[in-house]
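These are my notebook entries on a structure that I went through entry by entry. The sequence and the coordinates come first, and my notes follow.

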Amino acid sequence: PNRSQTPLLFGNYLHSFFESYQAHKDFVNEHQKELFSRGNKKNGLKKVYSQADKCIKALIHDEGFKNAYIGEKEAIVTGDIDNVPWMGKIDCLDLDDGVFFDLKTVDDIHKKHWNNEKHEYVNFAIDCGYDLQMAIYQELIYQTYGIKCTPIIIAVSKQEVPDKDIFTVNQFRLDDCMDDLRQHQQHMQQVINGESKPIACGECDYCRLHKKLGRIHDIQDIRLD
Ligand SMILES: [Zn+2]
């Protein structure tokens, strides 16, 4: 709730461009109001979305990107993981070479993100759970086509001069993520079915709204984000 739509639109602006000319055109027409200054094309893109253009340019002018990013765009894959139905949309799927690509826009590739569970800083990919996402995609592609593909994350930063890089996730980590998923999705499925109560995260709008004062905490235990 109450989350800004800007990062989502930013991502879709970029993704639709790499999907097809028509997809991008349709997206821009549909979201004129949000994308352009005072909602009018004549006034040009809002500053935040002209940044998306910079990110696009950083990639399309890169030989490595041009040579690599070839395959079926926005490929839908479905599957069943321990009786839970899953669906994924692959940015670019290249079955011939056994790879799939995921485009990620990021504030700064090298920014550190505090992880409260691990009590350490992690990078953007781990912070956002992209390793888990890639593990699920790999499994769904395998179930759909019978080919085990290697995930490739192409990251481009939203900095004034965009940074870019290309990453993968090692198979050991992908397998680990799938184990985690199998463990945790059971509970989520039970919550969806109304068989279990959800566990409050204590951090979101919903949790704050329903918070009740009770246990007294020591000031030394106040959580820091
Ligand atoms: Zn919550």
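Entry 1, a residue in a strand. I looked up Ile 166 and found it partly exposed, with a relative accessible area of 48%; I use buried for under 20% relative accessible area, exposed for over 50% and partly exposed for in between, with a 1.4 Å probe and protein chains only. Ile 166 lies in strand 7 (residues 164-167), where helices (H or I, at least four residues) and strands (E, at least two) are DSSP runs numbered from the N terminus. Leaving out residues up to four places away in sequence, I listed Ile 152, Ile 153 and Ile 154 as the residues that Ile 166 touches, contact being heavy atoms within 4.5 Å. I also noted that Ile 166 and Tyr 130 are 36 residues apart in sequence, with 13 Å in space from C-alpha to C-alpha.

I am working on a predicted model, in which local features need pLDDT of at least 70 and side-chain atom pairs count only at pLDDT 80 or more, while totals for chains, interfaces and linings use all residues. Residues are numbered from 1 along each chain as its sequence is written, and side-chain values use heavy atoms, with hydrogens and water left out.

Of the area that domain 1 buries against domain 2, His 15, Phe 18 and Leu 59 supply 34%, more than any other three residues.

I counted one salt bridge between domain 1 and domain 2, taking a salt bridge as a side-chain nitrogen of Lys or Arg within 4 Å of a carboxyl oxygen of Asp or Glu.

By the rule, I reach a count of nine salt bridges. In one of them, Asp 82 pairs with Arg 182, the closest N and O atoms being 3.0 Å apart. Asp 82 lies in the loop between strand 1 (72-81) and strand 2 (84-94) and Arg 182 in helix 8 (residues 171-192), so this pair ties together parts that are 100 residues apart in sequence. Asp 82 is partly exposed at 38% relative accessible area, and Arg 182 also counts as partly exposed, at 30%.

I then looked up Asp 131, which forms a salt bridge with Arg 173, with 2.8 Å between the closest N and O atoms. Asp 131 lies in helix 7 (residues 130-145) and Arg 173 in helix 8, so the pair ties together parts that are 42 residues apart in sequence. Asp 131 is buried, with a relative accessible area of 10%, whereas Arg 173 is partly exposed at 30%.

Notes: Buried area is the accessible area (1.4 Å probe) that two parts lose on being put together, summed over both.
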